[in-house]
Amino acid sequence: MFFIKQTFFKKFLLEDARRFSPSGRYAGLAAFGKHPGWDDHVEDLGLETESLILAKTLFYVNGIGGQIDSGAWERLEPAQQLPAFKHVFLWQRSGQFLIGRLWSSSDGKGRKRYPMVVCLHFIGVTLGWTIKQALPALAELEDALTRTNSADDVRTLLNRKRLALREALPSAQIQGEYAPVSPESLHNILQNSGGANREGFLRVLYQGKSQLAALAPGKFNARAQTAGFRAQQIRVPASGANPEQALLFWTRFFLTQVDPSVPLLLALPLEANWLDVTAGEPESHEFFCLRASPKAVPLVSEVPYTLDDAFRSGATTFLERFQSGDTKAADLPSPATETVPLAPPAKSGWRKWLGVGFFLIFAGVAAYILVPRNQQHQKTAGAAETNAEPSKPFAQTDAATSAPAKIETAKAEPVKSEAARVNTPKEAPRVDPAIEAARIAEEKKNADAMAAAAKLKAETEAAAKEKEQQALAEQARIAKEKQIAAQKQLEEQQRKEAEDAAAKKKVAEDAKPKMELAAAVVTPKPADPKPADISPASGPRPEMTNSIGMVLVSMPSGIWVGKYEVTQGEYRKVMWSNPSKSLNDRQPVERVTWSAANAFCQKLTEKERAKLPAGSVYSLPTQKQWEEFAAGQKFENVSSQLAAGPSIVGQGSANKFGLFDVLGNVWEWCLDGGTGTDKLLKGGAFDSTNYDLSMAPDRQMPNCGFRCVLVSH
C-alpha cells in the first residue's frame with residue numbers, strides 16, 4: 001500500500017499529454033468490472049494511461065472489491081443501504097479529469113456483486129467541456145452495453161465511442177473558467193432552498209475548516225512525504241438541477257477549500273440526493289459510501305453543530321462572495337470547538353460500540369454502589385446539596401465523553417453525604433428491620449447486576465471471538481476460491497493461446513497459396529515494354545481520393561499507389577482499432593502485422609466495391625511494384641533520415657512520382673518476397689537506413705507499417 005500511495009501522489013492525473021498527441025489534448029476510454037460477455041471480470045479494455053490503471057486498482061479492486069470481501073454492505077439494515085450501483089464520478093487534479101459511470105451488472109455466470117464501470121480520461125481541455133461531452137457519452141454507453149451479452153460488441157462500442165471523442169478534441173474548449181456555474185444557478189442553489197439550506201452550507205464550511213485544513217490552497221505539498229497522510233471524506237447535499245450542475249458547483253465550492261494539487265473525487269448516486277467528496281488517496285473504507293444511505297453515513301449539512309458568532313459571520317461573508325462569483329480560497333476563522341472528522345465505520349467498528357456499551361453499564365453500576373446507604377434523610381440532604389450547585393452549559397454530546405462525567409458526579413456525592421452525616425446529631429444505635437431488609441435487597445440487586453454484566457461481557461467476548469474466527473475462515477475460503485479461479489483463468493488463457501496459435505498457423509498455411517496466386521495475378525504483365533512506360537513522367541501524376549480520405553497517385557504501369565503510408569486515422573475508419581504505440585491520426589499506423597495489413601486491404605475493397613471498376617482491388621504492393629514507385633530514390637537524397645519515432649506523413653520531400661516517405665518513417669510490408677516463412681518489408685524506417693528487411697508475418701514492431709496499391713486483376 002505504501003508503494004501505491006507513493007505512485008498515486010507522484011503519477012495520478014499528472015500524465016504528459018504530449019506522449020499521446022502533439023496538440024497536448026487527449027481522450028482515453030477504459031472499461032472494467034462485470035459484464036455478461038465475460039465469465040469473470042472484464043479484461044483490461046483501454047487502460048492506456050497510468051491514471052486509468054491506478055483508478056481501476058483503487059476504485060474497483062481495492063475499493064469496491066474490499067467492501068464486498070469484508071461484507072460491510074451486507075451488514076447494513078435495508079434502510080441504511082442503497083439497493084444498487086447507479087453512480088457517476090469525477091476525479092480531478094491539476095486540470096486533468098477522470099469521469100466515469102458505474103451500474104449494477106453481472107458476469108456470464110450470473111454473479112451480481114460487482115458493477116460495470118466505464119471511465120474517460122481527458123487532458124488539455126476544460127472541465128465544463130469535459131462534463132458536457134462525457135455525461136451523455138457515458139449514458140449512451142451504459143444503455144448500449146446493457147443491451148448486449150457479447151464481448152465483441154462491448155469492444156466495438158468502446159472503440160467507436162473512443163474514436164468519436166478523439167475526433168471532437170480539435171474543436172474542444174481549452175481555455176475559460178475552470179468550473180463554470182451561471183449566476184442564476186449559484187443563486188438558486190444558495191438562496192432558493194430556504195434558511196435551512198443556508199444553515200447547511202455553514203455546517204459544511206464548519207466541518208471542512210477542521211477536516212480539510214491540512215489540504216487548504218497553498219498548504220498541501222504533493223512532493224513532500226505523503227505516507228502518513230489519510231484521505232478526508234465529506235457527504236453533502238446534491239445541490240443543482242442536474243448531475244452536470246451538481247458536479248460543477250461542488251468542484252467550484254471545494255476548490256476554495258482544497259489545493260488543486262490534491263486529487264479530488266466526487267461520487268454522485270444518480271437516484272439519490274447527496275454527493276460524497278473525497279480528498280487525497282482513498283482507501284477501501286472510503287468507498288463504503290457508495291452503497292450506504294444517510295442513515296449509515298449522515299450528511300454534514302444535517303449535523304446540528306453549535307456555530308460561534310465569529311465563525312458564522314465569516315462563513316456568511318464567504319458564501320455571499322461565492323454566490324457573486326468569487327472563487328478565492330476561503331479564509332475562515334477557526335471554530336471555537338474543533339470538529340471531529342466524519343468517516344465511514346471501520347470493519348471492526350461493532351467492537352468499539354460494544355466496548356462503549358460495557359463501559360456505560362459498569363459506570364452505572366459503580367455509580368449506584370457508591371451512593372451511601374445511610375438513612376433516608378442523609379440521602380435527601382446530599383441531593384439537596386447537589387441540586388444547589390449552579391447549572392453550567394453543557395454542549396458535549398458524545399456518549400463516551402458524558403459517561404465519565406456521570407462517574408465523577410457519583411464519586412462526588414459520597415463526600416457531600418459524608419459531610420451531611422457528620423453534621424447530623426447522633427441517634428440511638430437502633431436498626432429498623434424494614435430499612436435493613438431494604439439494604440440487603442439493594443445489595444443483592446447490585447450483586448446480581450454485577451454478575452449479569454460480567455456474564456454479558458463474557459458471552460459477548462466469546463461471540464466476538466467466534467465471529468472473528470468465522471471471518472478469518474471466510475477470508476481463507478475467499479482467498480482459496482480466488483486462487484482456484486486464477487489458476488482456472490490461467491489454464492483457460494493458455495488453452496486459448498494454444499488454440500489461437502494453431503488457428504493462426506492454419507490460416508497462414510491456407511493463405512500462402514492464395515497470396516502467391518494473388519501476387520502472380522496482380523503483377524503487371526510486361527506487354528509492349530517500353531522505357532517510357534516505367535520512366536517517371538515529367539509533369540505531376542494524376543491523383544484521386546477514396547471514401548476514407550486516402551490519396552492515390554497513378555503510376556505509368558497503370559496501378560494506383562497511396563501517396564502516403566496508411567495513417568492511423570485511415571486504418572481506424574476501416575478496422576475500428578489502432579495497434580500503434582505512438583498515437584496520432586496523421587502518423588502512419590504501426591505495430592501492424594502482415595496479416596492485418598492484408599485484412600485492411602480486403603475490407604477496404606469491400607467498403608468501396610460499388611465505386612471501384614470491375615476487377616479492381618486494394619492490395620499490398622509486390623516487391624516489383626514497390627521498386628517501380630520508389631523510382632530509384634536513395635537515402636543519401638532524403639532530407640530527414642534517422643529520428644526518435646514516426647512523424648506525421650507528408651512532412652519530408654516527395655520522390656519523382658510525388659510519393660512521400662517511400663524511404664524512412666516506417667517499414668512497408670510487401671505482398672511477396674522474404675526468406676522462408678518470413679515476409680519482406682522495404683524502405684527503411686525512422687531508426688534504420690537499410691532498404692530491405694525480412695520478418696515473421698505475425699510480428700508487431702513500432703517501426704513497421706504499410707502502403708496500399710489499387711490494381712486490376
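Where in the chain does Trp-576 have its place? Point 5 comes back to this.

1. A word on the model before we start. This is a predicted model, in which local features need pLDDT of at least 70, side-chain atom pairs count only at pLDDT 80 or more, and totals for chains, interfaces and linings use all residues. Residues are numbered from 1 along each chain as its sequence is written, and side-chain values use heavy atoms, with hydrogens and water left out.

2. Do have a look at the core. A nonpolar core here is a set of buried Ala, Val, Leu, Ile, Met, Phe, Trp, Tyr and Cys residues joined through side-chain atoms within 4.5 Å; buried means under 20% relative accessible area, exposed over 50%, and partly exposed in between (1.4 Å probe, protein chains only). The largest such core has 104 residues, and Phe-122, Trp-250, Phe-253 and Phe-254 touch the most other members. A second, separate core of 28 residues includes Leu-552 and Val-566. Beyond its neighbours within four places in sequence, Phe-122 is in contact (heavy atoms within 4.5 Å) with residues including Tyr-26, Phe-97, Trp-129 and Leu-165.

3. Next, two helices. Helices (H or I, at least four residues) and strands (E, at least two) are DSSP runs, numbered from the N terminus. Helix α2 (residues 50–70) has 15 of its 21 residues buried, so it is largely enclosed by the rest of the structure. Just after α2, Gly-71 takes a positive phi of about 75 degrees. In helix α3, the buried residues include Trp-129, Ala-134 and Leu-138. Among the elements that the buried residues of α3 pack against are β1 (26–33), β4 (115–123) and α7 (243–254).

4. Now to a sheet. Five strands form an open sheet in the order β8-β9-β10-β16-β11, with antiparallel pairing; two strands pair if DSSP finds at least two bridges between them. At its edges are β8 (543–545) and β11 (616–619), each pairing on one side only. Within the sheet, β10 (residues 560–562) and β16 (residues 709–712) pair in the antiparallel sense over two bridges, and Val-561 has Val-709 of β16 as its bridge partner.

5. Back to the opening question: Trp-576 is in the loop between α14 (568–575) and α15 (594–607). Trp-576 has a positive phi of about 55 degrees although it is not a glycine, and with a relative accessible area of 34% Trp-576 is partly exposed. Arg-591 also lies in the loop between α14 and α15. Although not a glycine, Arg-591 has a positive phi of about 60 degrees, and at 28% relative accessibility Arg-591 counts as partly exposed.
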